[in-house]
Amino acid sequence: MALAEVTVAVSGGVAVLTLNRPDRLNVYSRAMGEQLGAAYARCDIDDDVRVVVLTGAGRAFCAGADMQPEADTFRGVAPEFSAQPLSLPAWEVRKPVIAAVNGHAIGIGLTLAMQCDIRYVAETAKLAIPQVRRGMLGDGGSHWTVAHAASRAVAADVLLTGRTFLGDEAVRLGLASASLPADEVLPKALAVAQDIADNCAPLSLAMSKRLLWADVSLPEVVDRETRYHRVVMGSADSREGPRAWVERRPPRWTYGVDADWHRVLAEEDRVRPGEERT
């Protein structure tokens with residue numbers, strides 16, 4: 001029986017997804033992509049999961065695509081081909097997704113990390129999106145994620161040179177929040193994840209993440225912020241947050257993400273007085 005190429009462990013509201021091919025430096029295969037997309041989808045709808053951490057088994061995060069013929073990673077451009085291979089990418093998961101880049105992240109390894117919301121990287125990890133040096137080009141939305149995490153100039157530097165850089169430089173470029181010794185990366189990500197899971201309102205997090213990833217104008221962001229405030233203002237959660245802070249205790253939230261997402265969708269779809277539905 002084949003071993004799972006992505007393992008899932010949930011504790012205290014935090015799901016840890018581990019790319020699990022340590023003998024091959026967790027190189028990406030079609031099976032890994034299918035399992036990672038499925039794991040993200042399960043976390044998205046499970047209100048017991050409040051934060052997701054993505055990491056790699058062993059000494060690498062993901063050293064790129066599996067080039068072995070039996071991996072069937074590149075079988076040509078079929079009609080259903082997409083440069084975004086996951087059925088549900090990290091940016092569509094309605095919970096924060098933190099990448100604990102514990103070692104090398106090359107090609108799709110780095111583009112998977114860039115799909116996450118927050119990144120912590122090993123100081124000496126080698127990072128690159130080298131596809132232009134292989135007759136290909138960056139995938140997984142990297143032409144958007146890299147530019148939006150840092151700048152268009154940084155994206156051009158990374159994507160148009162295909163060069164390799166280390167974790168320390170990733171922080172200087174704005175592609176990661178912090179670089180640490182390799183054995184401290186996952187503990188740091190888990191500590192941040194647990195703090196979020198313990199203290200942040202799940203539905204508020206989901207709406208905030210939706211706004212952060214929305215590729216819309218500033219006026220549209222303000223409109224959505226206004227609509228989302230209508231979901232939570234005056235709610236049990238908006239009363240519980242201040243009360244828990246005053247009483248110096250962990251908050252007990254009422255709203256869940258999947259259970260109450262209909263409130264968000266209803267507000268997004270609501271026609272305001274004076275507006276006309278086109």
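I started at R248, which lies in the loop between α9 (236–247) and α10 (257–269). Helices here are DSSP runs of H or I with at least four residues, strands are runs of E with at least two, and both are numbered from the N terminus. The model is predicted, so I kept its limits in mind: local features need pLDDT of at least 70, side-chain atom pairs count only at pLDDT 80 or more, and totals for chains, interfaces and linings use all residues. Residues are numbered from 1 along each chain as its sequence is written, and side-chain values use heavy atoms, with hydrogens and water left out.

**Positive phi**

I checked phi at R248. It is positive, about 55 degrees, although R248 is not a glycine. Buried or exposed? R248 counts as exposed, at 74% relative accessibility. The cut-offs are under 20% relative accessible area for buried and over 50% for exposed, with partly exposed in between (1.4 Å probe, protein chains only).

I then looked up N26, in the loop between β2 and α1 (30–45). N26 also has a positive phi of about 55 degrees and is not a glycine. N26 is buried, with a relative accessible area of 0%.

**Helix α10**

Next I took α10. It has 13 residues and reaches 18 Å from its first C-alpha to its last. That is close to the 18 Å expected at 1.5 Å a residue; the expected span is 1.5 Å times one less than the number of residues. Which residues of α10 are buried? I listed V257, D260, W261, V264 and E267. They cover an arc of only 145 degrees around the axis, which puts them on the same side of α10. The arc is that of the directions from the helix axis to the C-beta atoms. What do they pack against? The buried residues of α10 pack against α7 (202–213) and α8, with contact meaning heavy atoms within 4.5 Å.

I followed α8 (residues 218–232) to R227, which lies in it. R227 is buried, with a relative accessible area of 9%. Its side chain makes a polar contact of 3.0 Å with the side chain of D223. A polar contact is a pair of N or O atoms within 3.5 Å; within protein, one must be able to donate a hydrogen and the other to accept it, and residues adjacent in sequence count only if both atoms are side-chain atoms.

**Cores**

I looked for nonpolar cores. The term covers buried Ala, Val, Leu, Ile, Met, Phe, Trp, Tyr and Cys residues joined through side-chain atoms within 4.5 Å. The largest core has 59 residues, and L17, L36, Y40, I98 and L175 touch the most other members. Which element gives the largest share? Helix α6 (residues 182–199) does, with six residues. A second, separate core has 12 residues, including L211, Y228, Y255 and W261.

I listed the neighbours of Y40, not counting residues up to four places away in sequence. Y40 touches L17, V52, L54, L86, L88, P89, A90, V93, V97 and C116.

**Strands**

I turned to the start of the chain. β1 (residues 6–11) and β2 (residues 14–19) pair in the antiparallel sense over six bridges. Pairing needs at least two DSSP bridges between the strands. V10 has A15 in β2 as its bridge partner. The hairpin has two residues between the strands, and G12 takes a positive phi near 60 degrees there.

Then β7 (residues 118–122). Four of its five residues are buried, so β7 is largely enclosed by the rest of the structure. β7 pairs with β5 (residues 97–101) in the parallel sense over four bridges, and A100 stands opposite Y120. β7 also pairs with β10 (residues 178–180), in the parallel sense over three bridges. There A122 stands opposite L180.

I also traced an open sheet of four strands, in the order β4-β6-β8-β9, with mixed pairing. Its edge strands are β4 (60–62) and β9 (165–166), each pairing on one side only. β6 and β8 (residues 126–128) pair in the parallel sense over two bridges. I106 stands opposite A128 in β8.

**G107**

Last entry: G107, in the loop between β6 (104–106) and α2 (108–114). G107 counts as buried, at 6% relative accessibility. Leaving aside neighbours within four places in sequence, G107 is in contact with A128, I129, P130 and Q131.
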